[in-house]
Amino acid sequence: MLMLGGPILHGAMLHAPHLLFQTIDLASASFRMGAFFAISGLLAGLNLRRRPPRVWLARHVKRVGIPALFGVAVLSPITSLVLRTELPAAAASRIVLFDWYHLWFLYALLVYGGLTYLAFTFLGRRTLARAVAIAIARSVGQGGVLFYLSTLGFLLLMTTPTIVAVMPAQYGRIAMQLAQIAAFAPLYGFGIWMACSRSIRGLMLRTWRLPAGVLACSAVGYLVWYGVVRLRLPPETFANWDIIVRFAGEAICPPAASLLILRSALRIRRIGPWTKSLCAVSFTLYLLHFPMLAVVNAALLRTKLHYLAVYVVAVTATTIACIAIHFGLVSRSAWLSLLLNGRSINRQPNQSARALVTTAG
């Protein structure tokens with residue numbers, strides 16, 4: 001479901017600002033990417049309990065690195081060319097041909113993977129688990145861990161203006177994503193720690209009330225800020241403080257959201273065929289949806305459709321096309337499976353995959 005949020009978020013890439021698009025962007029920034037990183041760290045830690053660090057790193061680099069390189073070398077230029085054509089001249093001049101766009105997430109995982117390998121190689125899983133579980137978790141509890149994670153994430157996000165200021169204008173978005181890579185690192189490490197230590201995992205997942213309360217308070221804070229305060233502040237003053245408010249939300253919400261997602265995952269006892277199929281297509285969807293949305297939006301915006309209708313059609317058509325491409329081509333081609341999924345081909349697609357393709361078509 002987090003991955004399906006990608007087309008919903010990026011479907012507005014060529015549209016003018018709208019309350020719907022701004023709300024989707026705010027919700028995604030507040031929990032979606034942070035939850036991705038926490039879950040990625042948890043899964044990495046669980047894998048490292050079963051494999052030697054060197055074996056895990058080699059697998060990690062293959063699964064993440066090959067699609068990341070293919071995306072920047074082949075898919076990103078398609079997006080850049082479309083954006084250069086559709087955006088105003090001033091904005092188009094800042095478009096870099098080989099940008100990483102949404103793929104910065106994969107490069108973040110590669111950086112985190114290297115650091116994780118070093119930590120497990122030189123410190124060991126038991127040392128990491130003992131240090132966190134005893135020195136931090138047991139002394140401060142669930143609320144304390146959430147507070148420290150949020151504070152550290154906020155402080156790291158606040159380095160963004162400095163990084164942006166020293167980068168050329170055309171690399172402004174990349175500079176912001178570099179700051180996010182640094183800010184999300186504690187969440188990835190948090191996932192690693194939970195995987196390594198049963199003690200901290202049990203402590204953090206013991207109750208849902210605190211993380212749910214954090215998200216509820218954050219939602220109320222957003223409503224007050226955008227519904228009341230925004231109307232009473234001069235536009236320039238609001239814009240300056242809005243950056244800080246958004247950074248605070250991006251730091252506070254992801255740790256709490258991650259805990260609720262993980263708690264819900266632990267309650268799942270059966271995975272149905274549709275869920276398995278959507279999981280199988282998720283990496284292909286992640287890589288292809290961004291350039292496809294750029295192309296589809298550019299084509300539809302030349303029609304007389306209302307821009308909200310263009311958005312809905314583009315998101316729906318792109319999602320269905322990615323599903324069809326995965327099961328019709330990627331799952332049948334060794335090269336495409338390697339380039340888009342970083343894995344060897346599965347030569348026996350299951351019945352649920354065939355059913356999903358039939359329905360999507």
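Predicted model: local features only at pLDDT ≥ 70, side-chain atom pairs only at ≥ 80, totals over all residues.
Me: How many helices and strands does the chain have?
Reply: The chain has 15 helices and zero strands. Its radius of gyration is 21 Å, close to the 21 Å that the globule rule gives for 361 residues, so the chain is as compact as a globular protein of that length. The radius is taken over C-alpha atoms, and the rule is 2.2 Å times the number of residues to the power 0.38. Along its principal axes the C-alpha trace spans about 60 × 60 × 40 Å.

Me: Is V145 buried or exposed?
Reply: Buried means under 20% relative accessible area, exposed over 50%, and partly exposed in between (1.4 Å probe, protein chains only). V145 is buried, with a relative accessible area of 7%. The C-alpha atoms of V145 and F190 are separated by 9.3 Å, and these residues lie 45 residues apart along the chain. Of the 361 residues of the chain, 44% count as buried.

Me: Where is H15, and with which residues is H15 in contact?
Reply: Contact means heavy atoms within 4.5 Å. H15 is found in the loop between α1 (5-10) and α2 (19-48), and is buried at a relative accessible area of 12%. Leaving aside neighbours within four places in sequence, the contacts of H15 are F21, N297, L301, Y307, V310 and Y311. Across the chain, among contacts between residues at least 6 apart in sequence, 80% join residues at least 24 apart.

Me: What joins the side chains of H15 and N297?
Reply: A polar contact is a pair of N or O atoms within 3.5 Å; within protein, one must be able to donate a hydrogen and the other to accept it, and residues adjacent in sequence count only if both atoms are side-chain atoms. The side chains of H15 and N297 are joined by one of 3.1 Å.

Me: Which phi does Y101 have?
Reply: Y101 is not a glycine, yet has a positive phi of about 40°. Y101 sits in the loop between α4 (89-92) and α5 (104-122) and is buried, at a relative accessible area of 5%.

Terms used. Residues numbered from 1 in each chain as written. Heavy atoms only, no water. Helix = DSSP H or I, 4+ residues; strand = E, 2+ residues; numbered from the N terminus.
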